[in-house]
Amino acid sequence: MLHQRQQPYQAAAARALCALVALLLPTLFVSTDQSVCTVQALDPHHGVVFLDTSGVNGTDDVLQGDGVSNPGEAALVGLLLKGLLTAGADPTDIGLTSPYKAQVAMLQRQAAAIATACDPLLTGNAIEALTVDKYQGRDKPCIILSFVRSNDQGNTGRLLADWQRINVAVTRAKHKLLLLGSATTLRATPLLGALIELVESRGWKVQLPKDAVSAGTGALQALQVP
């Protein structure tokens, strides 16, 4: 289900890793654990990384009308995106996705702000952010997927129980797949529980520190990203 096809992506990922270590990590991160996790996520030798937000402050999902979003996860996506762009990764090689329209709208706004902060010549839609359904038949060298659902009730909703949708979500990346979600919440659905077991068994899961969101938000603000 998940494949580690890395070689064409390794150069950009290696540059991203070097940039993060040299420019961002020593000065901008409050948490040493956060620095380590970010480096692990962008390590070019790991084609798939699941960033576990269980227990991370500020990562509960938010229900507004019919929409579901997770501002904390969006902030973490922004941190990874900023690192890649700072290193010189091609914006067209990066795709952001989520099963939830409200989350995608949040990611679109954030991606546009980050892209123009990195390079004023970039247009607001330089980085593609689409729902999982709209990624059907498409792919990108690097995909960052936000699962959104994170709550004490273990409620993953209807969309995350659809195996066809999840299959599309985890097979859009050619070389690098970064997954963000609460393993504790996602385990409530058998399909996603199996996914969590897989990434754990392969050593692909990284537990984020409790202050990951606040540290990441501070880093983006320090880099003058709205």
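**Strands 4 and 5.** I began with strand 4 and strand 5, which run parallel and are joined by four bridges. Leu96 stands opposite Ala129 in strand 5. I am working on a predicted model, where local features need pLDDT of at least 70 and side-chain atom pairs count only at pLDDT 80 or more, while totals for chains, interfaces and linings use all residues. Residues are numbered from 1 along each chain as its sequence is written, and side-chain values use heavy atoms, with hydrogens and water left out.

For my own record, strands (E, at least two residues) and helices (H or I, at least four) are DSSP runs numbered from the N terminus. Two strands pair if DSSP finds at least two bridges between them.

Next I looked up the strand order, and the open sheet has six strands running 5-4-6-7-1-8 with parallel pairing. Strand 5 (128–131) and strand 8 (205–207) are the edge strands, each pairing on one side only. From one strand to the next, the twist averages 20°.

Helix 4 (residues 101–118) packs on this sheet, touching strand 4 (94–98), strand 5 and strand 6 (140–146). Its direction makes about 175° with that of strand 5. Contact here means heavy atoms within 4.5 Å, and the angle, on a scale from 0 to 180 degrees, is between N-to-C directions of axes fitted to C-alpha atoms, for helices over the stretch in contact.

I take buried as under 20% relative accessible area, exposed as over 50% and partly exposed as in between, with a 1.4 Å probe and protein chains only. In a regular strand the side chains alternate between the two faces of the sheet.

**Strand 6 and its partners.** How many residues of strand 6 are buried? I found seven of the seven, so strand 6 is largely enclosed by the rest of the structure. Strand 6 pairs with strand 4 in the parallel sense over four bridges, with Leu96 opposite Ile144. Strand 6 also pairs with strand 7 in the parallel sense, over six bridges, and there Lys140 has Ala173 as its bridge partner.

Moving along, I saw five bridges between strand 1 (residues 48–52) and strand 7 (residues 173–181), again parallel. Leu51 stands opposite Leu180 in strand 7.

**Cores.** I then turned to the nonpolar cores, meaning sets of buried Ala, Val, Leu, Ile, Met, Phe, Trp, Tyr and Cys residues joined through side-chain atoms within 4.5 Å. The largest has 31 residues, of which Leu51, Leu81 and Leu96 touch the most other members. Helix 3 gives the most to this core, with eight residues. Beyond four places in sequence, Leu81 is in contact with Ile94, Leu96, Ala111, Ile114, Ile127 and Ile144. A second, separate core of 27 residues includes Phe147, Ala169, Leu192 and Leu195.

**Helix 5.** In helix 5 (residues 163–170) I listed Arg165, Ile166, Val168, Ala169 and Val170 as buried. The buried residues of this helix pack against strand 6, strand 7 and helix 7 (190–201). At the N-terminal end, Asp162 is the cap: one of its side-chain oxygens lies 3.0 Å from the backbone nitrogen of Gln164.

**Two loop residues.** Val148 sits in the loop between strand 6 and helix 5. I noted its phi near 75°, a positive value in a residue other than glycine. Most residues other than glycine have a negative phi. Val148 counts as buried because its relative accessibility is 0%.

Thr59 is in the loop between strand 1 and strand 2 (62–64). Thr59 is buried too, because its relative accessibility is 2%. Its side chain reaches the backbone oxygen of Thr53 at 3.5 Å. Not counting residues up to four places away in sequence, Thr59 touches Thr53, Asn70, Gly72, Ser150 and Val213.

**Confidence.** Last, I looked up pLDDT, the predictor's confidence in each residue, from 0 to 100. The chain's mean is 81, with 76% of its residues at 70 or more. Where is confidence lowest and where highest? Helix 1 (residues 7–28) is lowest, at a mean of 46, and helix 6 (residues 183–186) is highest, at 97. Over residues 17–32 pLDDT stays under 50, and the model has 34 contacts beyond four places in sequence for that stretch.

Notes
A polar contact is a pair of N or O atoms within 3.5 Å; within protein, one must be able to donate a hydrogen and the other to accept it, and residues adjacent in sequence count only if both atoms are side-chain atoms.
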